[in-house]
Amino acid sequence: MKKYKQRIADRMLQRRLSGVGAVLIEGPKWCGKTTTASQQANTILYLDDPTAMSQYLRMADINPKALLQGNIPLLIDEWQLAPKLWDTIRYEVDRRGEPGQFVLTGSAVPAQTDDIHHSGAGRFAWLTMRPMSLYESGESSGEVSLGHLFTSPDNIMGINQLSLEDVAFLICRGGWPSATLLNDKAALDTVRYYYDAVTRSDVSRVDGISRNAELTKRLMRSYSRHQGAQATISTLVEDIRAFDESAADAKTISSYINALKKIFIIEDSLAWNPNLRSKTAIRTSDTRYFIDPSIATAALGLGPADLIADLNTMGLLFETMCVRDLRVFADAIDGQVYHYRDKNGLECDAVVHLRNGNYGLVEIKLGGDKLIEEGASTLLSLSSKIDTVKMKSPSFLMILTATGRFAYRREDGVYIVPIGCLRE
């Protein structure tokens with residue numbers, strides 16, 4: 001039996017189960033939702049079990065309450081296959097009046113919501129799971145805590161063990177739990193198989209609408225080239241048409257993007273809108289990201305050696321990996337990750353904003369003195385523009401790097417933290 005690697009979501013799920021009757025865990029296939037949920041479940045119902053699926057779905061139509069029997073917490077895996085269960089679970093939570101009754105996992109948004117008549121407010125809590133951060137998969141030492149940076153310690157300490165070659169491999173392998181247990185070649189092969197499954201079937205299976213696998217591949221390649229950018233739909237269409245003049249129009253591409261979002265392959269970053277001392281038009285377009293950088297390398301057909309040979313591309317995909325990890329960590333400390341860009345081109349790769357109003361500004365750089373100085377200049381410039389009468393000052397300024405031996409705090413207060421040292 002494979003050893004279970006602890007997830008940050010373990011504690012988050014336990015906390016939610018202690019306070020509400022049902023928890024819905026959402027995220028892409030293969031990110032570990034079911035395995036994580038099963039660590040705390042006492043009864044498990046696999047709705048996609050091919051030997052019993054038709055019976056489960058029939059029972060969900062006829063007598064859904066019959067499927068909710070067993071020792072709690074009861075885990076219902078791939079619940080979106082039987083959306084009628086939602087209202088039944090909501091009713092059971094009310095009737096039983098105790099927390100920790102049900103855990104639902106879903107790798108897609110339900111294709112049809114006609115059978116759902118209640119939002120679940122007060123009965124359900126939500127939990128997003130993503131592929132593993134480097135800390136969860138064991139590549140980060142975790143000596144620098146993102147949460148602790150919000151208390152602005154004078155000094156931090158961490159030693160980075162990852163080389164540029166290591167980071168290139170980790171970008172291509174991704175944070176998929178099963179891949180972290182395989183040797184290098186097998187891990188990279190498995191990611192490509194995952195990409196093939198998305199383009200061949202998953203993108204159509206999500207809502208029963210047949211979609212062209214080749215067009216899906218072209219879109220995902222275009223999305224890969226625009227990681228970390230605010231590319232419009234029109235830009236993506238033009239990019240696709242550069243390789244195929246007969247490619248689909250904006251409406252079709254939008255529908256494909258929405259399908260990829262419904263299966264949690266795409267997770268764009270929202271724009272951050274702070275109070276500034278002077279009026280500046282802030283760009284409100286979402287920033288394009290896959291939920292894991294390995295999806296982009298698989299779409300582009302790139303391996304670790306290709307990234308080392310093209311550091312510009314590696315820098316874009318390294319940003320995707322860092323945003324993934326920051327999102328995992330931010331969730332654990334009750335925060336969210338945004339992106340900032342204004343009309344003058346001032347840009348901040350990530351803003352970690354907590355529910356209590358505290359926030360930190362993050363620039364992401366592969367490494368090297370020149371890039372680090374550019375990142376520090378950006379952070380200090382943006383920090384100086386924030387109206388601290390109307391909102392708090394940033395809790396920290398951080399440059400997240402791929403290389404560099406140590407994590408430390410500069411004299412100007414900017415933290416330099418290799419991704420191989422960071423944790424929640």
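My entries below go through pockets, cavities, salt bridges and a surface patch.

**Ground rules.** I'm working on a predicted model, where local features need pLDDT of at least 70, side-chain atom pairs count only at pLDDT 80 or more, and totals for chains, interfaces and linings use all residues. Residues are numbered from 1 along each chain as its sequence is written, and side-chain values use heavy atoms, with hydrogens and water left out.

**Entry 1: pockets.** Rolling a probe the size of a water molecule over the atoms shows where empty space is left. On a 1 Å grid over the protein atoms alone, a pocket is an open set of points with protein on both sides within 12 Å along at least five of seven lines, while a cavity is a set where a 1.4 Å probe fits but cannot get out; lining residues have an atom within 4 Å of a point. Volume is the space filled by probe spheres set on the points, which are joined across faces, edges and corners.

I looked up the largest pocket and got about 800 Å³. It has 26 lining residues, and R16, D331, D334, G335 and R355 are the closest to its centre. Which element gives the largest share of this lining? It's α1, with five residues. (Helices are DSSP runs of H or I with at least four residues, strands are runs of E with at least two, numbered from the N terminus.) I sorted the lining into nine nonpolar, five polar and twelve charged residues. Here Ala, Val, Leu, Ile, Met, Phe, Trp, Tyr, Cys and Pro count as nonpolar, Asp, Glu, Lys and Arg as charged, and the others, Gly among them, as polar.

The second largest pocket came out at about 460 Å³. Its 21 lining residues split into seven nonpolar, seven polar and seven charged.

**Entry 2: cavities.** I found two cavities of 30 Å³ or more. The largest has a volume of about 90 Å³, and its lining includes R7, M12, R130 and D331. Helix α1 gives the most to that lining, three residues. The second largest cavity holds about 40 Å³, and C172, L188, V191, R192, T297, A298 and L302 line it. Here α8 has the largest share, again three residues.

**Entry 3: salt bridges.** I count a salt bridge when a side-chain nitrogen of Lys or Arg is within 4 Å of a carboxyl oxygen of Asp or Glu. The total is 29. R130, from the lining of the largest cavity, pairs with E267 at 2.8 Å, N to O. E267 sits in the loop between α11 and α12 and R130 in the loop between β5 and α5, so the pair ties together parts that are 137 residues apart in sequence.

Is R130 buried or exposed? It's buried, at 8% relative accessibility. (Buried means under 20% relative accessible area, exposed over 50%, partly exposed in between, with a 1.4 Å probe and protein chains only.) E267 is buried too, at 18%.

E424 and R423 also meet, at 2.7 Å, N to O. E424 is buried at 9%, whereas R423 is partly exposed at 24%. I noted one network as well: K65, E92, R95 and R96 are joined by salt bridges that share partners.

**Entry 4: surface.** I159, F406 and Y408 form a nonpolar patch with about 280 Å² of accessible area together. Accessible areas come from the Shrake-Rupley method with a 1.4 Å probe; for residues, only the protein chains shown count as cover. Patch residues have over 30% relative accessible area and no salt bridge; like charges are joined within 9 Å, nonpolar side chains (Val, Leu, Ile, Met, Phe, Trp, Tyr) within 5 Å. F406 is in strand β12 and is partly exposed, at 47%.
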